[in-house]
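Work through the exercises below with the sequence and the 3D structure open. Each task is followed by a solution in steps.

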Amino acid sequence: MKKIIIVFFIMAFLSLAVNAQKYITKTGKISFFSSAPLENIEAVNDQVNAALDFSTGDFVFKVLMKSFEFPKSLMQEHFNENYVESDKYPDASFTGKITNIKDINVANNNTVIVQAQGDLTIHGVTKKINTSGTIGIKNGVLTGYSKFTILLKDYNISIPKTVVNNISKTIEITVNIILNKLNN
Amino acid sequence: MKTWLKILLILFFMGIISAFLVYHFVINKPHPDYDKEPAKYSLKANELFNQFTSNKKESEKKYNGQVVEISGKCTSIEQNDSLAVVVFSFKAGMFGDEGIRCTLLPKYKSGITKYKKDSEIKIKGFCSGYNDTDVILIKCSIQNKTP
């Protein structure tokens, strides 16, 4: 009986310790930008779910495509209907690992350049991505930033022939997140 | 003035007017006014969440991209410089509470301060989907005048 109680307390302590390492946000911001001869295309989504397990460096991002807001209504319609087909593929995700998570010390206020690698899934297609970014720490709150470029054709996003010269074949993605410690 | 010239002028002006109308109403058409858009579905907040968690695919087909009105007791109101989010939580998950998150239109940001935890709120917004933790409504407007 004594052993069971000790095991129970060890398990409870471990689960608390693991939870204490999780940082999350539900209002992360992802924007993309694509320069084009006729008009630049840009959109913002500030409803992004992101979580980082500080003990392992594992992270996950989840983005709903219909939450992207464009300056122009027609652009938004084309994005959802013709390009990312958001009825068929409602979300995108990025799951992976920060490989140098041990370089970050939460106790110190500083900014660290981090390397992230993982699987980016857009439009139902998953590709390996390696990118770098920064994580800043201030009073226990983490601020993450990264910018990287993807090729539309890698994700089977086809550009209609009529506008092929007016739309860039690449898209620059910018990630801005503020992660707070998860208190469970 | 010669008849052919008159026809040419009329066609020219009609062309200009058509180009203006296409630009104004098609290419540069404004976003829908979600404050005024009627809700396609009206239901209790917990019913909407339960539908998404029990049958994600069917609920996505039904609600994604639609204006939905929900009502219930709000669990919290999150505010920062750019956003005000009304939260209805129904369970605890791996990444904190899970439920429905409603991002308000800017014009409702200041009025939300009179609502507190457990206030009854009727809220209408554009459903952008379920991200495996929360159902997301954006461009939301408060429908009841008092908490």
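Ala, Val, Leu, Ile, Met, Phe, Trp, Tyr, Cys and Pro count as nonpolar, Asp, Glu, Lys and Arg as charged, and the others, Gly among them, as polar. This is a predicted model, in which local features need pLDDT of at least 70 and side-chain atom pairs pLDDT 80 or more, while totals for chains, interfaces and linings use all residues; side-chain values use heavy atoms, without hydrogens and water. Residues are numbered from 1 along each chain as its sequence is written, and chains are lettered from A in the order in which they are written.

**Exercise 1.** Describe the lining of the second largest pocket by class and by element.

Solution. 
- Step 1. Sort the lining by class: eight residues are nonpolar, 14 are polar and eight are charged.
- Step 2. Find the centre: of the 30 lining residues, A:Thr25, A:Lys26, A:Thr27, B:Glu78 and B:Arg101 are the closest to it.
- Step 3. Assign elements, where strands are DSSP runs (E, at least two residues) and helices are runs of H or I (at least four), numbered from the N terminus. Two or more residues each come from β1 (22–34) and β8 (170–181) of chain A, and from β3 (76–79), β4 (84–93) and β5 (96–104) of chain B.
- Step 4. Pick the largest share: β1(A) gives six residues.

**Exercise 2.** How many residues does each chain bring to the contact (heavy atoms within 4.5 Å)?

Solution. 
- Step 1. Count by chain: 25 residues are from chain A and 33 residues from chain B.

**Exercise 3.** Count the salt bridges between chain A and chain B, and locate two of them. A salt bridge is a side-chain nitrogen of Lys or Arg within 4 Å of a carboxyl oxygen of Asp or Glu.

Solution. 
- Step 2. Take A:Lys26, whose side chain meets that of B:Asp134 at 2.8 Å, N to O. A:Lys26 is in strand β1 of chain A, and B:Asp134 in the loop between β6 (120–130) and β7 (135–142) of chain B.
- Step 3. Take A:Glu69, which pairs with B:Lys139; their closest N and O atoms are 2.7 Å apart.

Terms used
1 Å grid on protein atoms, 1.4 Å probe; cavity = no way out; pocket = protein on both sides within 12 Å on 5 of 7 lines; lining within 4 Å. Contact = heavy atoms within 4.5 Å.
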